[in-house]
Amino acid sequence: MTPFSLVAPASVDEAVAALRSDAAAGILAGGTDLLLDLDEGRTRAERLVSLRRLPWRTLDWTGEALAIGSTLPLRELEDDPDVRRRLPGLWQAVRAVGSVALRHRATIGGNLGRAAPASDLIPVLLTLDAEIELVGPAGTRTLPVDRFVLASRRTALGPAELIRSVRIPAARASAYRWQRVRPANDISQLAVAVARVAADGGWRVAVGGIPPRATLLPDVAEALGRGRPTDAALRAAADRASRDVALVADRRASEEYRRRLVGTLLRRAVADGLGGGGPA
Amino acid sequence: MSVSFRPDAAAKLAGAAQYGTDLAAPGMLWGALVGAPVAHGRLRAVDLAPARALPGVVAVGSAELDALIPGGGRDADRPLFAVREIAYRNQPVAAVAAPTLAAARRAAAAVRVEVEGAPAVVDLETIFPEWPGSGAAGSPHVIAHVRARHGDVAAELRRAEHVVEETYRTPSVHQVALEPHACLATVGDGIWHVATSTQSPFGVREDVSSLLGIPEASIVVEGTWVGGGFGGKGSSLLEPFALLLARAAGRPVRLALDYRSEFELGRTTLPSVIRLTTGVTDGAIVARRVRLLLDVGSSLPGRDFATGYSIGFLLGPYRTPAFEVEGYGIRTNKPPFGPHRAPFAPQCVFAVESHLNEVARVAGLDPVEFKARHLWKEDDATPLGQRVLAFGLPAALEHARAVARRWRAEAAPGEGVGIGLGFWSTSTGAGGEVRLLLTPEAVTVEQGEREIGSGSVLRGLAAVAERALGLPADRIRIAYADTARAPFDSGVYGSRTTGALGRAILEAAESLQATLAKRIAGEGPVTLVVRDGELVVARAGRSSPVRELLRPDEVERGIVAAGRHYGRGGSIDEARVVDGTFYPYTDFTGAAHVAWVAVDPETGAVRVRRYAAFHDAGTVIDPATARAQIEGGIAMGLGIALTEEAIWSEDGRLTNPHLLDYRIPTLGEVPIPEVTFVEGFPGAGPFGAKGLGEPPIIPVPATVAAAVREASGAHVTELPLTPERVARALKLL
């Protein structure tokens, strides 16, 4: 790893100023992904701005809606009983990230900002209609996840802009299912998130674990219908998903294995989202 | 329940134990290797000038050798640096040292390496798209050939009621010791000194002597604490380069691999293709034919250990009246093949066990009953005509069957219970020596091996000494010394340490007792006891404190008794060997394992729910250490079974040189195994002990594969059993 200098501003203004003074500086919000990239030479930064002193390690419920401060370690999200109860899909996705030790460092803001194609959180946040609150030189703005994550490792984050929080509206149901070679500390070969957020009981479906980024599948969601899908609707949705998703082969899985997984994981996630439980 | 701590636990927990990666010295430089940028090709030029232009940088390459080692007769077959031909990617072409690690890396990057790339030879099945016939031995890719036979296999297979032929594939696996290779070299006053994390200080001394062409007497190797070896630290890797740099710099040089380089340069097990053909008539094996293609990377011709030793495990442990076995060591553009805990046995045993399960299925027999009927028993002959000595595997299998019956009764749909058998032999290797030093307070075992983590030195040797001398643990000390001062030993490998050095301790203990017998009156055996806090020599009712039996000069220095153990036992029928070298077994050890797995019928994912292991370890010398070896071996074996696979690209590049994509098991994937020792079958070690470092890993992939098959019907013929491979075997894809 090439040496870098580290600053840890105590206020948002200082953090923004530090980033404005050095456009090439990296943002450190846990470091479980960034430091690996620096070590492997995939990313270069001579200066890192750490967000650890900012007052963003927060978890606020407003009724059924949740606001998560961007530097909240994932482990704290995982340990919150209300997250598990009200947003089980998010809870399952958080538990899928790395290992316990890693989740003590990793943050939700870091996960979104790094925008790894295999992020476990992005598919779930897509289905939950999550919004991202950004703060920067021009003040604050809010973007839906779908417009924030643009491509593999690419986001809508502007110069000297930071992720302040992630807001998740109330959800009626949510679930996340993944498949990996090794259950812990691995990257998903494929993942499926489902949620019912709309008042009319409609589904949202997203697929993750495949480059370039996690994607919402509105046609698949449409095929599921409203509320509890019939077996025929579920089959149609699974077929549609394995047909529609642009799958690729890489060193983690072949295209045909991923195709097989799409339908399987979708069925399991929907069953879980309906409260039927089902295997992980 | 009493809790005991290993003698090294406190220092390791407190961070006080100095590993190879902790090595440092005043004025030290940091070294770095410059590797070939292609896996195959011609090396046109290496220009060190840009590196030397950087401040404080020392650089050495082939051209500097003559000046650094005047008259040094370097090993022409094993050039330190690539000279003309590049044999594998990252093969060292030069080495640099600089005042900081970052500066050393910059200097390494500054060296200009000019190459003319050539297509790399990487994949066994590209080299031999058709299964090689007997003419393959003449192929330029074949650098080792072994062959043995007995009986008329072709005729037996023609007559057999059932003949099953199958091909198995196994990948490259890495040792993944927690600590990468690391050493610190200092050259001065005619002494080439290297402190290093090694399984074999004397082996490193011999290697360095041969590679650099300097006498062993001028070389001192000092072992550090070793953060795991598993075969990967059995011979020299970085030491010759560090010594050359230290010589050139006139200052100490530290050279260590980062983990990526550890994957890329480490000596690992490479891929194989194994073809097995078995004939069965009336439920009995009549013949087996075995063909092995083993990727040996850029290993050198004539080194047929890999094929000769491995192939022994394709021959047993089942009675086979007629057999024919042929193995090819095939050179590819990868680093040289290296040993990995029980070199290549888990892979061979996976193939043989899975194959016999398939043979039994085709013949309409119960696989375990079929194996039990053919399993070697004491006094049977092996296919190579060696008499089987005390062998606890049949007894271990009976235990395993009982557990499997209980687990099967509890298993849910989609779950299965499998049994796998593995055998091994304690290697006494090239032997070793110890000295026992008796002082008024304690007996010290002076020897030349560092503890590599298994406990074989600090607990194994101590337990032998305790038992041989009848003394409590706090009166036995284990002392380590470097190669200039310690008695010789060949290394901590081959499950041999407690066995071979333990035998040497027994001999030294006898000698010590004989010396003491001359100094105390009376008849009968002499024993040492602790009385009122001091060591006392007792004989037939008389006793005398050790202090009083020593001459004044000895009270300070102590008295010394030496012991040694060399040689291996057993012999094979050489008439059955056609080509190459096959090895007899010193003793016969083995284990029966049982796995209970759940297989996801839609994704192919395998989860190991419970695991039991029954080990013939001869006489167990130190139960806690022995149990830990079995638990660790099973964890490592589960990696080979389920997730571990180093993948080489067509151009000879390792595509997953990091721990994210080279997946060792996490504790979440490893159930705590239920471990049982099957005693009463003595081996070649002290008090009838058998080596236990390697056996626990051997049956694991076979056992898991058997359980997966029982759970799901998936017959997987390639390791590891990833979800996708299992899904393919289930015809889901």
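A: The centres of domain 1 of chain B and domain 3 of chain B, taken over C-alpha atoms, are 37 Å apart. This is a predicted model: local features need pLDDT of at least 70 and side-chain atom pairs count only at pLDDT 80 or more, while totals for chains, interfaces and linings use all residues. Residues are numbered from 1 along each chain as its sequence is written, and chains are lettered from A and ligands numbered from 1 in the order in which they are written.

Start with the bounds. Chain B is assigned domain 1 (10-119 + 175-265), domain 2 (272-427 + 573-729) and domain 3 (432-565). These bounds come from an automatic or database domain assignment.

Now the interface. Here 18 residues of domain 1 of chain B are in contact with 15 residues of domain 3 of chain B. Contact requires C-beta atoms, placed from the backbone, within 7 Å of each other. On the domain 1 side, the elements that give two or more residues are α7 (201-212) and β11 (219-223) of chain B. Helices (H or I, at least four residues) and strands (E, at least two) are DSSP runs, numbered from the N terminus. By class, that side has six nonpolar, 10 polar and two charged residues. Ala, Val, Leu, Ile, Met, Phe, Trp, Tyr, Cys and Pro count as nonpolar; Asp, Glu, Lys and Arg count as charged; the others, Gly among them, count as polar.

Zoom in on one residue. Arg205(B) is part of helix α7 of chain B. Arg205(B) counts as buried because it has 26 C-beta neighbours inside 10 Å. The cut-offs are 20 or more other C-beta atoms within 10 Å for buried, 12 or fewer for exposed, and partly exposed in between; C-beta atoms are again placed from the backbone. Not counting residues up to four places away in sequence, Arg205(B) touches Glu216(B), Ile219(B), Val221(B) and Thr483(B). Trp192(B) is 13 residues from Arg205(B) in sequence, and their C-alpha atoms are 9.8 Å apart in space.

Next, the backbone of chain B. Most residues other than glycine have a negative phi, and most peptide bonds are trans. Phe230(B) has a positive phi near 55°. Phe230(B) sits in the loop between β11 and α8 (239-249) of chain B. With 25 C-beta neighbours inside 10 Å, Phe230(B) counts as buried. Lys731(B) is not a glycine either, and its phi is positive, about 60°. Lys731(B) belongs to the segment after α20 of chain B. With 8 C-beta neighbours inside 10 Å, Lys731(B) counts as exposed.

One runs from Gly316(B) to Pro317(B), with omega near -5°. Pro317(B) is in the loop between α10 (305-311) and β15 (322-331) of chain B. Another joins Leu719(B) and Pro720(B), with omega about -10°. Pro720(B) is in the loop between α19 (700-712) and α20 (723-729) of chain B.

Then the partner chain. Between the chains, 19 residues of chain A are in contact with 20 residues of chain B. Helix α12 (residues 255-273) of chain A gives the largest share of the chain A side, five residues. By class, that side has eight nonpolar, six polar and five charged residues.

Chain A has 12 helices and 14 strands. Its C-alpha trace spans about 60 × 45 × 30 Å along the principal axes. A compact globule of 280 residues would have a radius of gyration near 19 Å, and chain A agrees with 19 Å. That radius is taken over C-alpha atoms, and the globule rule is 2.2 Å times the number of residues to the power 0.38. Buried residues make up 48% of the 280 residues. Of contacts in chain A between residues at least 6 apart in sequence, 62% join residues at least 24 apart.

Three strands form an open, parallel sheet in the order β1-β3-β2. β1 (5-7) and β2 (26-28) of chain A are at the edges with a single partner strand each, so one side of each has no neighbour in the sheet. Neighbouring strands are turned by 30° against each other on average, direction ignored. Axes are lines fitted to C-alpha atoms, for helices over the stretch in contact, and angles run from 0 to 180 degrees between N-to-C directions. β2(A) pairs with β3 (residues 47-50) of chain A in the parallel sense over three bridges. Pairing takes at least two DSSP bridges between two strands. Leu28(A) stands opposite Ser50(A) in β3(A).

Technical notes:
Two residues are in contact if their C-beta atoms, placed from the backbone, lie within 7 Å.
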